[in-house]
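Here is a short briefing on one protein chain. Please keep the sequence and the 3D view open while reading.

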Amino acid sequence: KVTDENFAPEATLMGIVPGTVIFMLENAPFKKHIKIALRGYSVRISKNDASKIEILKTSARHLNISRNF
């Protein structure tokens with residue numbers, strides 16, 4: 001769920017809608033971006049934008065999904 005209505009249109013264009021499975025691939029502590037994978041592709045988004053996405057944490061094993069990115 002996107003918590004910022006100003007970011008919601010951009011998130012929707014990226015495919016970030018309620019129920020989307022998102023994997024965090026990279027989160028370097030001194031970089032301003034993170035790399036996420038969703039819907040068969042990966043993308044870098046700013047940590048600021050990432051903070052506007054409400055995420056339910058779980059594991060790929062729990063979802064029975066392969067992480068082949």
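The side chains of Arg44 and Glu26 form a salt bridge, with N and O 3.0 Å apart. The model is a predicted one.

**Salt bridges**

- The count of salt bridges comes to three.
- Side chains of opposite charge can pair when their charged atoms come close.
- Arg44 is partly exposed, because its relative accessible area is 48%, a value in the range between under 20% for buried and over 50% for exposed.
- Glu26 also counts as partly exposed, at 35% relative accessibility.
- Asp4 and Lys52 meet through their side chains in a salt bridge, at 3.7 Å from N to O.
- That pair links distant parts of the chain, 48 residues apart. Asp4 sits in the segment before helix H1 (8-13). Lys52 lies in the loop between helix H2 (47-50) and helix H3 (60-63).
- Asp4 is partly exposed, at 21% relative accessibility.
- Lys52 is buried, because its relative accessible area of 17% falls under the 20% cut-off.
- Lys52 forms a salt bridge with Asp49 as well, and here the closest N and O atoms are 3.4 Å apart.
- Asp49 is buried too, with a relative accessible area of 16%.
- Asp4, Asp49 and Lys52 belong to one network, joined by salt bridges that share partners.

**Sheet**

- Three strands make an open sheet in the order S1-S2-S3, and the pairing is antiparallel.
- S1 (22-26) and S3 are the edge strands. Each has a single partner strand, so one side of each has no neighbour in the sheet.
- From one strand to the next, the twist averages 35°.
- S1 and S2 run antiparallel and are joined by four bridges.
- Met24 stands opposite Ile36 in S2.

**Nonpolar core**

- In soluble globular proteins, nonpolar side chains tend to be buried together.
- The largest nonpolar core here has ten residues: Phe7, Ala11, Met14, Ile16, Ile34, Ile36, Leu38, Ile45, Ala50 and Ile53.
- S2 supplies the largest share of this core, with three residues.

**Backbone at Arg39**

- Most residues other than glycine have a negative phi.
- Arg39 has a positive phi of about 50°, although it is not a glycine.
- Where is Arg39 placed? Arg39 lies in the loop between strand S2 (33-38) and strand S3 (41-46).
- Is Arg39 buried or exposed? Arg39 counts as exposed, because its relative accessibility is 54%, and the cut-off for exposed is over 50%.

Technical notes. Residues numbered from 1 in each chain as written. Predicted model: local features only at pLDDT ≥ 70, side-chain atom pairs only at ≥ 80, totals over all residues. Heavy atoms only, no water. Helix = DSSP H or I, 4+ residues; strand = E, 2+ residues; numbered from the N terminus. Buried < 20%, exposed > 50% of the residue type's maximum accessible area, 1.4 Å probe, protein only. Pairing = 2+ DSSP bridges. Axes fitted to C-alpha atoms, helices over the stretch in contact; angles between N-to-C directions. Core = buried A, V, L, I, M, F, W, Y, C linked by side-chain atoms within 4.5 Å. Salt bridge = Lys/Arg side-chain N within 4 Å of Asp/Glu carboxyl O.
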